[in-house]
Amino acid sequence: MILFISDLHLSPRSPGATRLFLEFLAGRARQAEALYILGDLFETWIGDDDISDGYNAEIVAALRSTATAGVSIAVMHGNRDFLLGDDFAAASGVRLIADPYILSTAEWQFVLAHGDALCLDDADYMRFRAQVRDPAWQAALLAKPLAERRTIAAHMRQVSESSQRAREQPYTDLQPAATDDFLREHGYATFIHGHTHQPAKHDHIVDGIHVERWVLADWHEDRGECLVWDGEALRREAVLPENRG
C-alpha cells in the first residue's frame, strides 16, 4: 500500500494540523509500504540549519521514527518549503525526490508533482517560482543569518496571504493545454499532484487515451486526507483526530 499527501503547511500556527500529522505518522502511515509527501509539508522552511528549532525538531523526529519503522518516505519540494535539503533528509530519514517524479509499481505507473509548475496562467506566481527555484537566489538567501531569513519568510508569507485574500479563487488551476502536454510527455501515466487546494479527480483524453489526474487535498486544523493506492485502485481516505475515530 502506498499513501500520498500534500499541502499540510505545518507550522506552530497550525497546532491542529500538526497533531493530525504526528498521529498519522505514528498510526495509519505505518501500515503502508511507502509514503509520498508531494510538497508544502511545511508552511515555511528557511534552511536545514534550522532543524534544531523545537518545532522543526519534533517533526523531523517523527518522520525519522516512521522511517525507522520500515516506511519508505519520499518528500518533494513545494512552493513553501523549497529550501529543504540533504541535511533535512538525513536527519528525518526521508529521501528528496525530483518534481516531476515517475513512480512505477508492479501494477501501474504514476507521475507525481507538486503541481505549481503547470499553473502557467498565473504570471505573477510563475515569476515568483522562477526566482525562488533559482540556485543562485537560494544560495544568497541561505547565506543570510537565521534571524534575517525568519523575517524574510514572514514577509513573504504575509504577501502571499494578502494576495490570496484579494482573489475570488486563491489558487490558480493547472493550464489545460500544458497539462495535456505534460501527460503526453510522461507516457499517459496517472497524474497525482497537490498545490491547488482543489481536491478532485479529473479525466483527460489525450491523443484518444483516457488519463486520470488526482488532485490531493490540503490539510486543516481538524481534518486531513491521504490518497491510497492498494495495488488495484486509488481511493481517498480522511485523516481525522484520534478522539473522533
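Author: Start at Phe21. Setting aside neighbours within four places in sequence, Phe21 is in contact with Ile5, Leu8, Leu10, Ile37, Leu41, Ile59, Leu63 and Trp219. Contact here means heavy atoms within 4.5 Å.

Some ground rules. This is a predicted model, in which local features need pLDDT of at least 70 and side-chain atom pairs count only at pLDDT 80 or more, while totals for chains, interfaces and linings use all residues. Residues are numbered from 1 along each chain as its sequence is written, and side-chain values use heavy atoms, with hydrogens and water left out.

Now widen the view. Phe21 belongs to the largest nonpolar core, which has 38 residues. Such a core is a set of buried Ala, Val, Leu, Ile, Met, Phe, Trp, Tyr and Cys residues joined through side-chain atoms within 4.5 Å. Buried means under 20% relative accessible area, exposed over 50%, and partly exposed in between (1.4 Å probe, protein chains only). Phe21, Phe24, Leu63 and Phe88 touch the most other members. The elements giving two or more residues to this core are strand S1, helix H1 (15–26), strand S2 (34–38), helix H2 (54–68), S3, H3 and S10. H2 gives the most, six residues. Helices (H or I, at least four residues) and strands (E, at least two) are DSSP runs, numbered from the N terminus. There is also a second, separate core of 17 residues, with Leu103, Leu112, Ile192 and Trp229 among them. In soluble globular proteins, nonpolar side chains tend to be buried together.

Go back to one partner of Phe21. Ile5 sits in strand S1. Ile5 counts as buried because its relative accessible area is 0%. Beyond four places in sequence, Ile5 touches Phe21, Phe24, Leu35, Tyr36, Ile37, Leu38, Leu216, Trp219, Glu225 and Cys226.

S10 has two partners. Strands pair if DSSP finds at least two bridges between them. Three bridges join S1 (residues 2–5) to S10, and the two run antiparallel. Leu3 stands opposite Val228 there. Six bridges join S10 to strand S11 (residues 234–239), again antiparallel. Here Gly224 faces Val239. S10 and S11 form a hairpin with four residues between them, and Gly231 in the turn has a positive phi of about 95°.

Apart from neighbours within four places, Thr66 contacts Leu25, Ala29, Arg30, Val71 and Ile73.

What about cysteines? Cys226 is buried at 1% relative accessibility, and Cys119 is buried with a relative accessible area of 1%. A disulfide needs a pair of cysteine sulfur atoms within 2.5 Å. By this rule the count is zero.

UniProt places "binding site" (unreviewed entry) at Asp40, Asn79, His114 and His195. They spread over 156 residues of sequence yet cluster in space, with a largest C-alpha distance of 8.3 Å. UniProt positions are given in the numbering used here, feature names are shortened, and annotations may be inferred rather than shown by experiment.

Take three of these residues. Asp40 lies in the loop between S2 and H2. Asp40 is buried, with 1% relative accessible area. Asn79 lies in the loop between strand S3 (72–76) and helix H3 (86–92). Asn79 counts as buried at 10%. His114 lies in the loop between strand S6 (109–113) and helix H4 (123–132). His114 is buried at 0%.

How do they link up? A polar contact is a pair of N or O atoms within 3.5 Å; within protein, one must be able to donate a hydrogen and the other to accept it, and residues adjacent in sequence count only if both atoms are side-chain atoms. The side chains of Asn79 and His114 share one of 2.8 Å. A polar side-chain atom of Asp40 lies 2.8 Å from the backbone nitrogen of Arg80.
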